[in-house]
Amino acid sequence: MLMVINLVHLDNSVVEYLVTHRLVEGTAFVGTSTIALRLYEASARAGKRFLGGGSAANYAVVMPDANLERTVETLIHSKYGNAGQRCLAIQNIVVVGDDNFYNKFRNAFVERARVLRVGYGLDESVEMGPMTTEQYRQNVIRKVENAVNAGARVVLDGRDYKVQDYPRGFYLGPTILEDVGPDMDIAREEVFGPVANLIRAGNLDEVIDWINRVSIITRLRYSRKMVPGLGTS
């Protein structure tokens, strides 16, 4: 059996043409809520199947028996690869355990992020490149500032990060927020940038409840937009 996969760089008009084309039976999408809703509506009008995930805020749960060194290294690359500009980037790191374990993880994660090599993306020694545009850079900065206003605390601040050889680059350094609650916007909505949230939990069941609740809230948001007058409880 022959399978062909095409990767096409395009704008919204071409995307809508593709998802509504007579030869396309269905579409799956993960990305921003705005685009997910737009594609959902276009697919529905054309009678096409659509599976969409919007504003994904991915969770990683660190349990007390985790191998600290391997866990930190894995999460660093998951969070800061592509400067966090990918839909599968980890956003919320939930640490389950007592103060001693949390502090060990927190300190190890912060120190590893602090020495992350940031610079020109095609340099093989670089671990994290720039943001794609200044607009996206400023958008992430605004989200961090809103989180601070909501009670989060910045323990590693990359907002004023400079790369010496590229002073006009759209760089953000690794950023880590602490005292983040699962109901804060910074935890519920996709940041799409190099910002990690540290969240504490008493047990695994509590974390699973948070994840399920966020998923329900997101679905209800879609419902209100697509069905006028639909309420939530």
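## Basis

The model is predicted, with local features requiring pLDDT of at least 70 and side-chain atom pairs counted only at pLDDT 80 or more, while totals for chains, interfaces and linings use all residues. Residues are numbered from 1 along each chain as its sequence is written, and side-chain values use heavy atoms, leaving out hydrogens and water.

## Helix 1 and helix 2

Helix 1 (residues 12-20) packs against helix 2 (residues 33-45) at an angle of about 40 degrees, and their axes are 9 Å apart. Helix 1 is therefore oblique to helix 2. Helices (H or I, at least four residues) are DSSP runs numbered from the N terminus. Axes are lines fitted to C-alpha atoms, for helices over the stretch in contact, and angles run from 0 to 180 degrees between N-to-C directions. Oblique is what remains after roughly parallel (under 35 degrees), roughly antiparallel (over 145) and roughly perpendicular (65 to 115).

The helix 1 side of the contact (heavy atoms within 4.5 Å) consists of N12, V15, E16, V19 and T20, which meet I35, R38, L39, A42 and S43 in helix 2. By class, this contact has five nonpolar, three polar and two charged residues. Nonpolar covers Ala, Val, Leu, Ile, Met, Phe, Trp, Tyr, Cys and Pro; charged covers Asp, Glu, Lys and Arg; the others, Gly among them, are polar.

## Helix 3 and helix 4

Helix 3 (residues 68-80) and helix 4 (residues 99-114) cross at roughly 50 degrees, their axes coming within 10 Å. Helix 3 is therefore oblique to helix 4.

From helix 3, L68, T71, V72, E73, L75, I76, H77 and Y80 meet F101, K104, F105, A108, F109, R112 and A113 in helix 4. The residues of this contact divide into ten nonpolar, two polar and three charged.

## Cavities

There are two cavities of 30 Å³ or more. A cavity is a set of points on a 1 Å grid over the protein atoms alone where a 1.4 Å probe fits but cannot get out, and its lining residues have an atom within 4 Å of a point. Grid points are joined across faces, edges and corners, and a volume is the space filled by probe spheres set on the points. The largest cavity holds about 50 Å³. Ten residues line the largest cavity, with R86, A89, Q91, E190 and F192 nearest its centre.

The second largest cavity, of about 30 Å³, is lined by N12, V15, E16, I35, R38 and L39. Helix 1 and helix 2 are the elements giving two or more residues to this lining.

Methods. On a 1 Å grid over the protein atoms alone, a cavity is a set of points where a 1.4 Å probe fits but cannot get out, and a pocket is an open set with protein on both sides within 12 Å along at least five of seven lines; lining residues have an atom within 4 Å of a point.
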